[in-house]
Amino acid sequence: MATLELSALTKSFGTAQVLHGIDLAVRDREFVVFVGPSGCGKSTLLRIIAGLEEASAGRILIDGVDVSQAAPVDRGISMVFQSYALYPHLTVFENIAFPLRVARLPEAEVRQKVGRAAEILQLNDKLQLKPGQLSGGQRQRVAIGRSIVRNPKVFLFDEPLSNLDAALRGEMRVELSALQRDLDATMIFVTHDQIEAMTMAHRIVVLNKGRIEQFGTPMELYHHPATRFVATFIGQPNMNLLPATVVGTDKDGLTVDIAGGARMTLPVDFGTAQKGDAVEVGIRPENLRLGKGLSMKLRVLERLGGTAISYGATQTGQKICAALAGDSPVREGEDIGLTFAPQDAHVFDNAGRVMRRLAAPALAA
Ligand SMILES: Nc1ncnc2c1ncn2[C@@H]1O[C@H](COP(=O)(O)OP(=O)(O)O)[C@@H](O)[C@H]1O
Ligand SMILES: [Mg+2]
């Protein structure tokens, strides 16, 4: 159990800077997920925390102690990788026990620690098998077991589920969330998969090109994305971004003409935006419903049961995705009208920053 603090961390490989001043404070017993596209610097950041890579500048504090110069073994950290490196000739028991054997712990203590890890991970009846006799998910649990027995202050996971098939990934997400609760441990989990981030994290760090775009709870990121990048990265299907032109600004917010037809006043703090400016109106597929406003030709309809995911485009070629009610009376090839509530819109300026929403007006007495 421990806090983790990063301050002004940077990293360059030769002339290429891959981390640009990372500041972050992870709470004791918090489950934090780093999410971002491939190449954004997630693994590098995790390896720097673990001590496997040296930062170019900045500090790392674990439980308030500066470990920036400490050797990996002295940091109280344990890391689980995507490719779980198990020893094929050793049993599950000995694979989990490995770090304890290296530390020459007494046999009784090894049995007790491996036994407890196996219990938590439900591997009790697998201890005498070899890795080759296990499924992918079971192997990944053995790798996690090996990190549990070391009793680290902070667990680090680098895309540990990416090699598993979809059904198993779903199962392992649930198991890891439960594991974090059972161990009451501080965990950092890296993934490029926003579903893993949304489902497991207490708080999510969204990384983009070596910078933190936003740090917040899953629902903060969903409802209040700070940038266009976060808005389109979080949420499934992805948020629609509709080009629009500012036609007016007043106390009620920003009035825009959305390409494809609709004029709307959106309750946002428009800052320095002026008439004629180009903005983007972000609207989540689940916030669109049938009605007058935008018209689109429905190209593909996916009826999932509870929802009907509708893909199409406006006359100006703007692609739109709407998650309509499952029984919506629509058909492929049809022209349909879509509308949304102004307060569900996210407006982005041309730098990709969100315009803060105005507080809902007080109800008249
Ligand atoms: N040892 C290295 N030498 C040079 N460049 C590296 C090295 N490790 C990573 N990089 C570069 O740093 C960037 C971030 O990589 P990485 O942290 O692995 O991203 P992610 O884990 O988010 O996919 C990439 O552009 C990658 O090519
Ligand atoms: Mg990586």
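Guide: A crossing is right-handed if the near helix is turned clockwise from the far one by less than a right angle, and left-handed if anticlockwise. By that rule, the crossing of helix 2 and helix 4 is right-handed. This is a predicted model, in which local features need pLDDT of at least 70 and side-chain atom pairs count only at pLDDT 80 or more, while totals for chains, interfaces and linings use all residues. Residues are numbered from 1 along each chain as its sequence is written, and chains are lettered from A and ligands numbered from 1 in the order in which they are written.

Visitor: Which residues make the contact of helix 2 with helix 4?

Guide: The axes of helix 2 (residues 92–102) and helix 4 come within 7 Å and cross at roughly 35°. Helix 2 contributes V92, N95, I96, F98 and P99, and helix 4 contributes V142, G145 and R146, contact meaning that the C-beta atoms of two residues, placed from the backbone, lie within 7 Å. By class these residues divide into 5 nonpolar, 2 polar and 1 charged, where Ala, Val, Leu, Ile, Met, Phe, Trp, Tyr, Cys and Pro count as nonpolar, Asp, Glu, Lys and Arg as charged, and the others, Gly among them, as polar.

Visitor: Why is helix 4 called roughly parallel to helix 5?

Guide: The axes of helix 4 (residues 136–148) and helix 5 (residues 166–183) cross at roughly 20° and come within 11 Å. Angles under 35 degrees count as roughly parallel (over 145 is roughly antiparallel, 65 to 115 roughly perpendicular, the rest oblique), and therefore helix 4 is roughly parallel to helix 5. Helix 4 passes helix 5 in a right-handed crossing, with G136, G137, Q140 and I148 of helix 4 meeting L168, E171, M172 and L183 of helix 5. That contact holds 4 nonpolar, 3 polar and 1 charged residues.

Visitor: What makes Q140 buried?

Guide: Q140, found in helix 4, has 25 other C-beta atoms within 10 Å; since 20 or more makes a residue buried (12 or fewer is exposed, and in between is partly exposed), Q140 is buried. Leaving aside neighbours within four places in sequence, Q140 is in contact with Y84, P160, L164 and M172.

Visitor: And why does E213 count as buried?

Guide: E213, in strand 10 (residues 211–216), has 22 C-beta neighbours inside 10 Å and therefore counts as buried. Beyond four places in sequence, the contacts of E213 are V206, L207, N208, A226, T227, F229 and V230. In the chain, buried residues make up 36% of the 365 residues.

Visitor: How do you know where domain 1 and domain 2 lie?

Guide: The domain assignment of the chain gives domain 1 as 4–233 and domain 2 as 240–348. Their centres, taken over C-alpha atoms, are separated by 39 Å, and 4 residues of domain 1 are in contact with 5 residues of domain 2. On the side of domain 1 that touches domain 2, the residues divide into 2 nonpolar, 1 polar and 1 charged.

Conventions. Axes fitted to C-alpha atoms, helices over the stretch in contact; angles between N-to-C directions. Helix = DSSP H or I, 4+ residues; strand = E, 2+ residues; numbered from the N terminus. Domains from an automatic or database assignment.
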